[in-house]
Amino acid sequence: MAAGFSKVRTIAVTSGKGGVGKTNIATNLAMIFRRYKKRVLIVDLDLGLANVDVLLGFHAEYTLYDVIVGRKKVKDIILHGPDGIMIVPASSGIEELTHLNEIQKEQLLKGFSGLDEEVDIVIADTGAGISSNVLSFVLASNEILLVTTPEPTAITDAYAMIKVLSKRRKDLNIKLLVNFSCSREEAELTMNKITSVTRRFLDVNVEYYGYLLQDPNVPIAARLQKSFVKEYPNTIATSCLSNIASSFIKNDDVTLALGVEGYLRRIVDERIRTR
Ligand SMILES: Nc1ncnc2c1ncn2[C@@H]1O[C@H](COP(=O)(O)OP(=O)(O)O)[C@@H](O)[C@H]1O
Ligand SMILES: [Mg+2]
């Protein structure tokens with residue numbers, strides 16, 4: 001294998017509008033990938049409400065911030081969640097992450113470089129919307145899972161997100177997931193509404209990646225601080241998400257792979273370009 005080449009995939013889960021299910025999707029997708037024996041690292045980059053650690057029933061004592069200020073090493077802040085999922089809690093430290101000097105940057109990246117040997121897939125749970133932080137996390141990854149719902153406001157915000165992303169990078173492959181839909185038909189209609197406009201006005205590849213039906217067991221599992229795919233293996237949301245996970249596994253394109261260090265390097269460098 002050539003030096004610097006890594007087989008680690010990086011998937012950013014993002015959305016235009018908040019509250020569309022990103023954190024639940026990112027965490028539960030990670031749980032399904034474990035069943036394929038993939039080693040998964042979730043980077044929690046959302047300054048949001050339901051953080052990955054909380055959703056899985058534990059609490060991050062340290063975050064990336066402690067690494068940036070030199071108090072902790074990367075291996076000390078990584079949480080080991082259920083089924084061997086690894087989590088980098090980064091939600092505090094995001095501002096700092098975007099203002100590193102060259103030395104801090106190299107130190108941080110060095111801390112992550114060893115992880116490429118221990119990880120197959122990185123899932124970044126990013127915030128919603130087109131703020132420059134969110135954009136840099138999304139643009140740094142090679143695969144983008146854009147979550148929307150059938151609601152008109154979520155559709156317009158998803159379109160706005162696609163538009164901004166497509167202006168920044170030409171080679172984007174955006175995978176669209178429709179969450180909270182009442183039926184397969186409604187999800188397809190939502191997809192068509194978005195692609196009919198992106199095809200006409202934007203030079204970008206948007207691929208329909210599937211849907212998750214609205215399912216009362218999703219918020220119930222969240223309240224129990226358990227993963228819904230584990231707590232409710234036979235519920236409809238689990239079967240929908242399993243289809244999506246299977247598409248990811250089938251389309252394992254190593255040319256898209258970037259690596260943990262590579263991903264973070266792009267984040268800190270992307271800032272410079274998007275500022
Ligand atoms: N398919 C679904 N069916 C029912 N509720 C869902 C579904 N997906 C997400 N939710 C609920 O929607 C809320 C927002 O989800 P969350 O993952 O926190 O969104 P985000 O990370 O995009 O802000 C949570 O209460 C979650 O339980
Ligand atoms: Mg969230």
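1. Strand β2 (residues 40-44) runs parallel to strand β5 (residues 121-128), and five bridges join them; strands here are DSSP runs of E of at least two residues, and helices are runs of H or I of at least four, both numbered from the N terminus. Within this pair, Asp44 stands opposite Asp125 in β5. The model is predicted, so that local features need pLDDT of at least 70 and side-chain atom pairs count only at pLDDT 80 or more, while totals for chains, interfaces and linings use all residues. Residues are numbered from 1 along each chain as its sequence is written, and chains are lettered from A and ligands numbered from 1 in the order in which they are written.

2. Contact requires C-beta atoms, placed from the backbone, within 7 Å; axes are lines fitted to C-alpha atoms, for helices over the stretch in contact, with angles running from 0 to 180 degrees between N-to-C directions.

3. Against helix α12 (residues 236-250), α1 packs at an angle of about 65°, with the axes 10 Å apart. That makes α1 roughly perpendicular to α12, a term that covers 65 to 115 degrees. The contact draws on Ile25, Asn28, Leu29, Ile32 and Phe33 of α1 and on Leu241, Ser242 and Ala245 of α12. By class it has six nonpolar, two polar and no charged residues, counting Ala, Val, Leu, Ile, Met, Phe, Trp, Tyr, Cys and Pro as nonpolar, Asp, Glu, Lys and Arg as charged, and the others, Gly among them, as polar.

4. Ligand 1 is surrounded by 19 residues, the closest being Gly21, Lys22, Thr23, Asn24 and Pro219; a residue is near if its C-beta atom, placed from the backbone, lies within 6 Å. The shell comprises eight nonpolar, nine polar and two charged residues, and α1 (22-35), β7 (173-181) and α10 (217-223) each supply at least two of its residues.

Notes:
Parallel < 35°, antiparallel > 145°, perpendicular 65-115°, else oblique. Contact = placed C-beta atoms within 7 Å. Pairing = 2+ DSSP bridges.
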